[in-house]
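Please open the model in your viewer and keep the selection tool at hand.

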Amino acid sequence: MNKIIINIFSAANTSIRNIQIIRQRHFWKNMDCELLQPPCEVQGMVELKREKFAKAIQIPRLWVREEKAQKVLPVVKKLLLKMEKLKPVKPCTLNEVDGREILLHPTPVKQWEDLPCNELEQHEVNKENFAFTQIQLTYDNWRADEILKAVLPKDEEGLTSYSRIGHIVHLNLRDHLLPYKNLIGLVLLDKVANCKTVVNKASTIDNTYRNFQLELLCGEPIYQVETKENGVFFEFDFSKVYWNPRLSTEHERIVQMLKPGDVLYDVFAGVGPFSVPAAKKKCTVLANDLNPESFRWLQHNLKRNKCQQMAQSFNKDGRDFILQDIKQDLAKRWQQSKEDENYKIHITMNLPAMSVEFLSAFRGLFERECHEKTINFEQDNLNYPLVHVYSFAKGTNTKELVLQLVEDNLKMPLKDNLEGIYFVRNVAPNKDMYRVSFHLNKEIVTQPIVVQPEEEFENHLKRKTEGEQEDMTNVSQI
Ligand SMILES: C[S@@+](CC[C@H](N)C(=O)[O-])C[C@H]1O[C@@H](n2cnc3c(N)ncnc32)[C@H](O)[C@@H]1O
């Protein structure tokens, strides 16, 4: 089953140019036609009463003899009334003659003259074949977005999107929509194909393992899902690990950079959206996550995709992973480094609220080896990893801000070794997620951060206050 992010009011995201194209092609939006909207009494409904959506309306129709139907249908195809669970063409016997009733859209067709009359008359279909007929609309005839548009307050932003993770629909409802949460859940459960569970993000992600705190809105409390991202299968318990389908494009960007034979060190691997496709691509992978549940599913997903022989997985703090496992693997590679080596080494660090703080672990990582000359840092072709570190930034000049954050934490400016700063996604109004990609270099890995005694004392105080604040508020974001 696929994960998807659905913009349920897709027209809201359609550019003006696209709307014009749609108009030229003669597609009429049902919700622009009052007659085809749900009854106005449903506006503001908090408890879902499906029967309140029943509505009888008069619709233009053509009746044609059975033997003429095949010729006539293409002539009026663009004018058909299209709604959920409604067949616009139905068998219909009139005056004991077998024929078809063709329902037409009431926006473009108000009278016989609105039809391509000349063409129709060539098929012996004329004004007598045209009339208005009554049809009964029900809750079943509208899509989820149409139902919600009719119900939710008109003066505030409606439900614009939701995420799909296997059978789970995941919402992040704004405060003004909370009174409608049960109704929204039921409508989605009714209307989204294969949906069995609807959950709402209960609060900001405020725990170490970054998994969403979920509130079950309706359906079964089953959180074990199977989903597919970029052609790779993932299984996990959505209530216990971090998974965000909105990152699938970014995962794909990184995986596309990798070639068979490359190396990936994934510091905050989660259930493996970078590591599993990389291992599948025959890269050597060292993947780590602190959350024992993520670690378990990471191992499972490597096996599930038959690539566990390419990967080693670790369940420890990211700093220890850098200081111990990345260091050991890199040291081995650098000691055995050959002239014609052409694989690349990548390091992914996706814990955007905090990843930058782990960068200091690279400073002086090989100070001793440099000093003792067990690794030759004078050689030109040393294979320095390309680090992809993710960070959030708020306000304006966000791109400059993330670079500043990286440099502040590395305590070193990025110069030629800066590969690029890339916008990943907008996380909240005024808050963006970025990737800063840069190469480690000799200065970074051989020169430790020198902390002045006063600065050390200040940092100690700062860490202490920050720690206390975090304990008190316990709030941070993804
Ligand atoms: C934002 S998620 C990213 C997961 C995955 N790489 C992705 O792109 O979807 C961050 C991950 O870091 C893990 N994590 C949090 N703190 C950590 C730490 N100190 N050391 C290692 N992993 C940590 C969490 O359990 C979570 O799986």
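Begin by selecting Gln 43, which touches Ala 150 and Val 151 when residues up to four places away in sequence are not counted. Here two residues are in contact, or touch, if their C-beta atoms, placed from the backbone, lie within 7 Å. Gln 43 sits in the loop between helix H1 (16-24) and strand S2 (55-65). Helices (H or I, at least four residues) and strands (E, at least two) are DSSP runs, numbered from the N terminus. Gln 43 is partly exposed, because 14 other C-beta atoms lie within 10 Å. A residue is called buried if 20 or more other C-beta atoms lie within 10 Å of its own, exposed if 12 or fewer, and partly exposed in between, with C-beta atoms placed from the backbone.

Two remarks apply to the whole tour. The model is predicted: local features need pLDDT of at least 70, side-chain atom pairs count only at pLDDT 80 or more, and totals for chains, interfaces and linings use all residues. Residues are numbered from 1 along each chain as its sequence is written.

**Helix H4**

Select residues 144-151, which form helix H4; 7 of its 8 residues are buried. Among them are Ile 147, Leu 148, Ala 150 and Val 151.

**The whole chain**

Zoom out to view the chain, which has 13 helices and 18 strands. Of its 478 residues, 35% count as buried. Among contacts between residues at least 6 apart in sequence, 70% join residues at least 24 apart. Colour the chain by domain: the assignment gives domain 1 (30-137), domain 2 (152-222) and domain 3 (254-455). These bounds come from an automatic or database domain assignment. The C-alpha centres of domain 2 and domain 3 lie 34 Å apart.

**The ligand**

Where does the ligand lie? Domain 2 and domain 3 both give residues to the shell around the ligand, so the ligand lies between them. Select the 21 residues around the ligand; Phe 268, Gly 270, Leu 290, Asn 291 and Gly 318 come nearest. A residue is near a molecule or strand if its C-beta atom, placed from the backbone, lies within 6 Å of it. By class, the shell has 10 nonpolar, 8 polar and 3 charged residues. Ala, Val, Leu, Ile, Met, Phe, Trp, Tyr, Cys and Pro count as nonpolar, Asp, Glu, Lys and Arg as charged, and the others, Gly among them, as polar.

**Annotated positions**

Next, select His 251, Asp 289, Leu 290, Asp 317, Gly 318 and Asn 350, which UniProt lists in an unreviewed entry under "binding site". UniProt positions are given in the numbering used here, feature names are shortened, and annotations may be inferred rather than shown by experiment.

Is His 251 buried or exposed? His 251 is buried, because 22 other C-beta atoms lie within 10 Å. His 251 is found in helix H6 (residues 248-257). Leaving aside neighbours within four places in sequence, His 251 is in contact with Glu 229, Asn 230, Pro 273 and Phe 274.

Move to Asp 289, in the loop between strand S13 (284-288) and helix H8 (292-304). Asp 289 is buried, with 30 other C-beta atoms within 10 Å. Beyond four places in sequence, the residues that Asp 289 touches include Phe 268, Ala 269, Gly 270 and Asn 315.

**The nonpolar cores**

A nonpolar core is a set of buried Ala, Val, Leu, Ile, Met, Phe, Trp, Tyr and Cys residues joined through C-beta atoms within 7 Å. Select Ile 184 and Val 406, which touch the most other members of the largest nonpolar core, a set of 92 residues. A second, separate core of 15 residues includes Val 72, Val 76, Leu 103 and Leu 104.

**Two loop residues**

Finally, select Lys 85, in the loop between helix H2 (69-76) and strand S3 (89-94). Phi of Lys 85 is near 50°, a positive value in a residue other than glycine. Lys 85 counts as exposed, with 10 C-beta neighbours inside 10 Å. The last stop is Asn 95, in the loop between S3 and strand S4 (97-103). Phi of Asn 95 is also near 50°, and Asn 95 is exposed, with 6 other C-beta atoms within 10 Å.
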